[in-house]
Amino acid sequence: MRERAGPRWLVAVLAAAYAAPLGLLVLRATADTWRAPAVWPQALGWRGVTNLLHPGIVSAVVNSLVVAVATTVLAVVLGWGAARVLAGRDRARRRLLYALVALPLLVPPYAVGVGLGGWFVRWGLVDSRTALMLAHLVYVLPYVVLV
């Protein structure tokens, strides 16, 4: 069978639209000087790439990956049980659990953050990865349960 020519150009346009910001990111990383009204950088160099390999940046990326993986694993473990209850037959339990799980999405993020901050101070978790992981878990868990 003969394929239509339409989807090929559409795929190419969509691929270019997704790749353009990444190309600009690479261009920005290799630009030593790029002032506002200019369309093209005034000076190209490797300053951005060398800054990327700074030890502080590497430790920040490792910290982010540790928090992300730990939050994901914990969310899947906790979300699995909640999702099983939501799939059950007891309508009252399902509604109550769904309301409790979705509550952080309904409350303004500032209020949730202030409330979590108070609890983290009481629990002695200030400035810890555990506190950051639990704060992320508050917003990740409802989506994991629903998926």
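Select helix α3, residues 55-86, together with helix α6, residues 129-146, in this predicted model. The axes of α3 and α6 come within 8 Å of each other and cross at roughly 40°. That angle makes α3 oblique to α6, because only values under 35 degrees count as roughly parallel and those from 65 to 115 as roughly perpendicular. In general, a pair of packed helices is described by the angle and the distance between the two axes. As for handedness, the crossing in which α3 passes α6 is right-handed. Next, display the side chains where α3 and α6 meet: the residues of this contact comprise 17 nonpolar, four polar and one charged.

Helix α6 has 18 residues, and the distance from its first C-alpha to its last is 26 Å, close to the 26 Å expected at 1.5 Å a residue. Where does α6 bend? Centre the view on V138, at which α6 bends by about 40°. Then select the proline P142, which follows within four residues of the bend. P142 also belongs to the buried residues of α6, and the others to colour are A131, M133, L137 and V145.

Finally, move to the loop between β1 (31-33) and β2 (43-44), and select V39 there. Is V39 buried or exposed? V39 counts as exposed, because its relative accessibility is 74%, and the cut-off for that class is over 50%.

Note on methods:
Residues numbered from 1 in each chain as written. Predicted model: local features only at pLDDT ≥ 70, side-chain atom pairs only at ≥ 80, totals over all residues. Heavy atoms only, no water. Axes fitted to C-alpha atoms, helices over the stretch in contact; angles between N-to-C directions. Helix = DSSP H or I, 4+ residues; strand = E, 2+ residues; numbered from the N terminus. Parallel < 35°, antiparallel > 145°, perpendicular 65-115°, else oblique. Left-handed = near helix turned anticlockwise from the far one by under 90°. Nonpolar A, V, L, I, M, F, W, Y, C, P; charged D, E, K, R; others polar. Expected span 1.5 Å × (residues − 1). Bend = angle between axes of the 7 residues up to and from the residue. Buried < 20%, exposed > 50% of the residue type's maximum accessible area, 1.4 Å probe, protein only.
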